[in-house]
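These are my notebook entries on the structure shown below. I kept them in the order in which I looked things up.

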Amino acid sequence: MQKKIFRFLASLKLAVISLLSLAAVLALATITESLYGMRAAHLMIYGSFWFTGLLGLLGINVLCAALIRYPWKRHQTGFVFTHLGILVILGGAFVTQRWGVDGNLPVEEGSEERQVLLQRPLLFVLDDQGRTRAQIPMPESGLKREGDLMRVQVGGEELAIDTYLPRAVPNTNYVESTSVGFPAVEVELLSSRFNVKQWLAAVDPDTGTQLALGPAKIAFLGSLGSKRMDRFLAQAPFVEKSESTLQIEAEGKQFRFPVEVGKSYRFHQALRVRIARFLPHAIVQNKELISKTPEMLNPAVQVEVEDDRGNRELHTVFSQFPEFTTLHGARDPRSNHFNLRLRLYAELSQSASGLRGKLSFAQSTDGKSLAYRLERTRDHQIRTGAVKLGEKVQTGWMDAEFRVARWISKARLDDTPRYVEKIASSESNFASAIRVRRGEDTLWLVEGNTRSLPLKSENLNLYYGKERLPLPFSLHLEKFTVGMDPGTTKAARYESEVVVKDALKGIEKRAQISMNEPLQYGGYTFYQASYQSEEGRPPVSVFAVNWDPGRWIKYAGSLIMVFGIILMFTMNPHYWNRIFDLFKQGKAS
Amino acid sequence: MNGKAHRIGHLSKIFTVALPLLIAANSFAGSDHRNFDWDRTSRWAIQNRGRVKPIDTFARETAFFVTGKSHWDGKTATELVFSWLLDFPAWQETPFIQVAYRPLKEKLALNLDDKYFSPHVLRENAALPELIRGVSEKQQRQERLEELEKKVVELENQLGLLQALSSGEAWTLLPNQNASDGPWIPLSALTHREESHGLPYPKEHLETLRGEFAHLSEAFARSSPEAWSTATGKIEAVLRTSPHYPAESALKREIHYNHLRPFRFAWILYLLGVIILIVSRAWSVAGIRAAGLFTLVGGFVLHAYGFALRVLISGRPPVTNMYESVIWVTWGAMLFAFLIGLAYRKWIIPASAAVFSTVGLILADWLPNVLDPAIHPLEPVLRSNFWLTIHVLTITLSYAAFAVSLCLGNVILGNYAFRKIESKWIQQLTLYMYRSTQIGVVLLAAGTILGGVWADYSWGRFWGWDPKEVWALIALLLYIAVLHGRFAGWLKSFGFVVGNVLAFLGVLMAWYGVNFVLGVGLHSYGFGTGGTGWVASFVVAQIALIVAGYWNYRSASEKGTLDTSIFPKKR
């Protein structure tokens, strides 16, 4: 019986069957990857235990096939080498999978990082000091999972994970609220050149919300009482209040004051600031600072700051030039008493900021009607009216039209992420997400999110993110550059200037990492994998971090295998035996 | 009109206002520029799409992109692009912009029978802006585009390119003075006073360029070859003062490559050789056979020469897109076929491989939309890497060996299907087929592992289950399964051939399918679309041939007259 099993395990028939089934499974895996992405293919196939089993079966087959032919004849040298090579490669692959490290290290330009992000996502429970209380592996899969996936104990209460999305895109949506809520509109701007859609939510009823959208500024003022609504609908300038703010920073604390000329404010206990002059369009004429026009083109404010002991500072602050020194006579150190940093926030006139116009919305206090107000920069033309949902209205700037797609007078935020079932787009910036349930409440966590979790006993935070591996040293990114192809904007090179900082060994080592030119340090290899850039932020260079103890085993196996195949195909048994015979004869004589 | 005043009027707005007026007066006289010295202007260097190339190449690529042809109405590509620069108003009503995709024409309510449309018609089209907007939104959201939407982008790019050509923006003719890979300056910068202020050229050079380009447009408008030659000569003299203007020999070499069309003549010679050899088999005349083989060798030499030229022009290993890999693999197939053919002294081996090479080169020649023949700069991940070159060349050479195996397999299948089964002859051919499969297996195993070495070196993982490497492995597994199936006794004479031929479908998937069908993975630099129909019909035809062969094989083996051993008996 044992002999029979051995013979079967060593048989050519098993070899053909396992080779073909491996080929079929691999073909299926590549299709899975094209539909669901790399991670899903890995979870569903490459990383599954049955796939390892299939490779194991092939390995056993190769091993038995070699053993059953023992003692080997000379002409089988190639055969033995080939099969030995395959076994060594499979062994090396196992070592890599079991003990290797394969992760990512994103480093922002100018900062230092030592936490390698691994593949597996974890739920971190953090206390209000930011300390990690627990790290819980989450149920991963290639497809969406729902139901009672797992339960965890946090701070004496039970949380349940009831949904897992392998590919989710964070989504901001507003839905009707049954309890408290705030007004929200979804506005669409359409023209031949662009088409944008945006939610505006007046979460803070006092300030409303506004943002730049396409060529215009769009604002939602929230609910307006009848008096304010009348002014909103009137064809006359509608300025609720001064929109300029002065910010003073003293000993790390920030204070903000509305800019109203002549007013004085106390701050930071003993200090007093007086707004002396406000210049909406500041220019220097005859060595004197004056305002050329009342338009908000280059706003500046002059203020006096004094304390009770009679120390006094005079500052001029420009909103457009925050880098200027604001203190008068700053070169004389004696004139600097308070060590303040001042900043002026002022809304520029629309013509200065290049905007074509402004579109505002406001709803009545009873939430029954929604009104719009269109202001055109060019000629200050104003049009107002009642909004009809879904109806297009000409804005008067370029050929743009607007449309209110949805309006919820009492809304709440719905953060359910969008599930990307199949990869129908080239976008790859999705991440996995989980839904945590505690009693009746649920909250969504997309990878990289932190959410607070107020419990009875204490306040905890939940962070859902990749498992981290701290390196024994850190990587400081000095500079990241993208080189272009000559005369194009097509990226040709990615280069990161880094400094390895190893405090334990007292080493600081400079290096450059670029595509195909990795850095090796402390057994780890760092590759330039990708980069992220966001407007107004320093670029983030992403390194692939790798530690592979099976590398040399695989290389050795590969060499043995290729050598074996060449021997097998080139060495005709006849020649082979003859060479051996000649060798023997030589020895004998 | 006073000549001097006229010229001053030109200086500021050479290409915008003054020219159309001029043309209006001379439009009849202006139509003939055949006796201009276009050869000279086609040798000017231009920086375009990430590379410095002669105008000749730029013009061919541009003309092809806009019109789908490399020449138009008797005009060479160079003449054509210059007339778009200098005389665009005359083209407004001429239908020359190719819109071939029928659903797009339907969407745009264009005449479905027409292939070309005028700038005027397309500009006035009511539906186009809406389509373009929809597509650009989709692009912003990074979604995958439908076929129609890709064609919309293409049309938008055609119109954009024409705009850039007529305004001078696309004519990046002025070399960068500081760095060999720095951006060159477009012609349009000359016409804008403010912009030209900071140009890194001596003032007198700028004046010359401005003046001579004005002369150039005058010469074009007046159809004066002499004035044209004078102006081009002066412009060229200024351009050549730049330290980073390419060497004349390099420009000439590329033009030589453009004109020679080595791969077209290679397939013509291959095809001719195959026909002569088939004829020689019918009449079995030794002289004809030698002539046929000689023709094949001629095609092979030309093929190699074209390849060498391309390597010299691009200055890099030549297997980075589908077009180049087709050229390389067809060449490799001929190489292996000649080697095996030489070893066994059988002309049928190179002849059958030549069929594959002919088909491959014809596809490369006739389907420029699928197999882009233009020379592009490399993707970042492919740059300056020894292992990449080795790995790709080895893997693609294994495809070449498998292609020879496929061709011989099909010759055998043809015998099974259409003729009386000649077991001895089949066994001989099966041996040759086996030899090329062996070469392929060694190269593919080595190449896949070298790919691992490269991946380890560049990406930090020896094996990352990337679809391209997985499919190379699948192809290898299929061939190995066939080899083991023979030892297991499962595959006899017919089955072994069929197994070899079917395993090639794995190669096809690794070579073409991963990039064009699956469209995912790290090897994304080679991606493209199209050609699926061709490949699918090949697969269908292949399976049909196998079925037809099986039919005859079964009826013969039922009679028991067949020798089912795979290889010829040892002597």
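Are B:Glu324 and B:Arg316 buried or exposed? I find that both B:Glu324 and B:Arg316 are buried (under 20% relative accessible area, whereas exposed is over 50% and partly exposed lies in between, with a 1.4 Å probe and protein chains only). Their side chains meet in a salt bridge, at 3.3 Å from N to O, where a salt bridge is a side-chain nitrogen of Lys or Arg within 4 Å of a carboxyl oxygen of Asp or Glu.

Ground rules. I am working with a predicted model, in which local features need pLDDT of at least 70 and side-chain atom pairs count only at pLDDT 80 or more, while totals for chains, interfaces and linings use all residues. Residues are numbered from 1 along each chain as its sequence is written, chains are lettered from A and ligands numbered from 1 in the order in which they are written, and side-chain values use heavy atoms, with hydrogens and water left out.

Chain B overall. I noted 23 helices and 4 strands in chain B; these are DSSP runs numbered from the N terminus, with helices being H or I of at least four residues and strands E of at least two. Of the 571 residues in chain B, 57% are buried. Among contacts (heavy atoms within 4.5 Å) with a separation of 6 or more, 69% in chain B are between residues 24 or more positions apart.

Salt bridges. A:Glu157 is buried at 14% relative accessible area, and A:Arg438 counts as partly exposed at 22%. In chain B, the side chains of B:Glu212 and B:Lys234 meet in a salt bridge at 3.9 Å, N to O, which joins helix 12 to helix 13 across 22 residues. B:Glu212 counts as buried because its relative accessibility is 8%, whereas B:Lys234, at 42%, is partly exposed. I also looked up a network of salt bridges in chain A, which links A:Arg266, A:Arg272, A:Arg274, A:Glu304, A:Glu306, A:Asp308 and A:Arg312.

Backbone. Most residues other than glycine have a negative phi, and most peptide bonds are trans. In chain A, a cis peptide bond with omega of about 0° joins A:Tyr70 and A:Pro71, and A:Pro71 is in the loop between helix 4 and helix 5.

I found B:Ala250 in helix 14 of chain B, partly exposed at a relative accessible area of 30%. The C-alpha atoms of B:Ala250 and B:His376 are separated by 16 Å, although the two residues are 126 residues apart along the chain.
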